Amino acid sequence: MTVDRQRVERLTRELLEAIGEDPDRPGLRQTPARMAELYSEFFSGVGEDAAEPLARTISVTRGPAPDTLPSGAVLLRDIRFRSVCEHHLLPFAGHAHLAYLPGERVVGLGALVRVVEILSARPQVQERLGEQIADAIAEHLDTRGVLVVLDAAHGCVTMRGGRQPEASTLTIAARGVYTDAAARAELIALIGGPSTSSGTHGSDQGLPW
C-alpha cells in the first residue's frame with residue numbers, strides 16, 4: 001500500500017489550522033510536504049508481507065560439513081527499530097533481540113532485520129509487534145522455538161502524561177520450546193550481557209532519530 005501523500009498534505013494543513021496556526025506562514029509552508037514524506041517512510045510496512053524476506057533459506061547440511069546440524073539458538077541482538085504508537089501517533093523506539101532454534105535450514109540474518117522493519121513500519125503497539133515478529137519467524141522458518149524481546153522508549157510516556165524520560169518498556173514473545181521459562185533463561189541472560197550498544201537507556205532517551 002502506498003501512502004496518499006496529497007491527502008496527508010491536505011490533512012496536515014487542516015490540522016495546523018485546527019490548532020490555530022497559519023499553514024502559509026514561512027516556517028510552516030513546507031510542513032505538509034514534509035509530513036507526507038515522513039508518513040510515507042514511517043508507514044511503509046502497511047500492507048507489506050513480513051514473511052517475504054524469510055522465503056529464501058539456506059541449507060546447513062549442503063556444505064563442507066554435511067553431518068552438522070545447529071545445536072543451539074541463532075541469536076541476533078540489538079536491532080534498532082522505530083515505530084509509531086497507534087494510540088497517540090507518537091513514536092517509540094529501541095532495540096529488538098531475536099532468537100530461533102533452527103532445524104536443517106537457516107535464514108540470512110538480514111532477513112530477520114527486514115521482518116522487524118516491515119512490521120514496525122505500521123501503526124503499532126509494542127505488545128502486538130513482538131507477537132507478530134515471533135509469528136512470522138515461527139510460521140515461515142524451519143524452527144523449534146522463537147524468542148523475541150523488545151526494549152523501547154515510548155513518546156507517550158517520555159514526552160507527555162507522566163513525562164518519565166528514563167522509562168522503557170520490555171516485552172517478550174515466545175514460541176515452541178521457548179514458551180518454557182527455563183528453556184529461554186540462557187537466551188535472556190545472553191541478551192542482557194555485554195554488547196556493542198548501550199541499550200535503550202541513554203542513547204535512546206528522547207527518541208533521537
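## How the model was read

Residues are counted from 1 along each chain as its sequence is written, and side-chain values use heavy atoms, with hydrogens and water left out. Since this is a predicted model, local features need pLDDT of at least 70 and side-chain atom pairs count only at pLDDT 80 or more, while totals for chains, interfaces and linings use all residues.

## Confidence

The chain's mean pLDDT (the predictor's confidence in each residue, from 0 to 100) is 89, and 89% of its residues reach 70 or more. Residues 196-209 are another story: pLDDT stays under 50 there, and the model gives them 33 contacts (heavy atoms within 4.5 Å) beyond four places in sequence.

## The largest pocket

A pocket here is an open set of points on a 1 Å grid over the protein atoms alone, where a 1.4 Å probe fits, with protein on both sides within 12 Å along at least five of seven lines; lining residues have an atom within 4 Å of a point. The largest one has a volume of about 350 Å³. Of its 15 lining residues, R7, V8, L11, T12 and Y39 are the closest to the centre.

Two elements give two or more residues to this lining: α1 (5-18) and α2 (31-42). Helices are DSSP runs of H or I with at least four residues, numbered from the N terminus. The largest share, six residues, comes from α1.

T31 is found in helix α2. With 17% relative accessibility, T31 counts as buried, because the cut-off is under 20% relative accessible area (1.4 Å probe, protein chains only). Leaving aside residues up to four places away in sequence, T31 touches T12 and L16.

Technical notes. Grid points are joined across faces, edges and corners, and a volume is the space filled by probe spheres set on the points. Buried means under 20% relative accessible area, exposed over 50%, partly exposed in between (1.4 Å probe, protein chains only).
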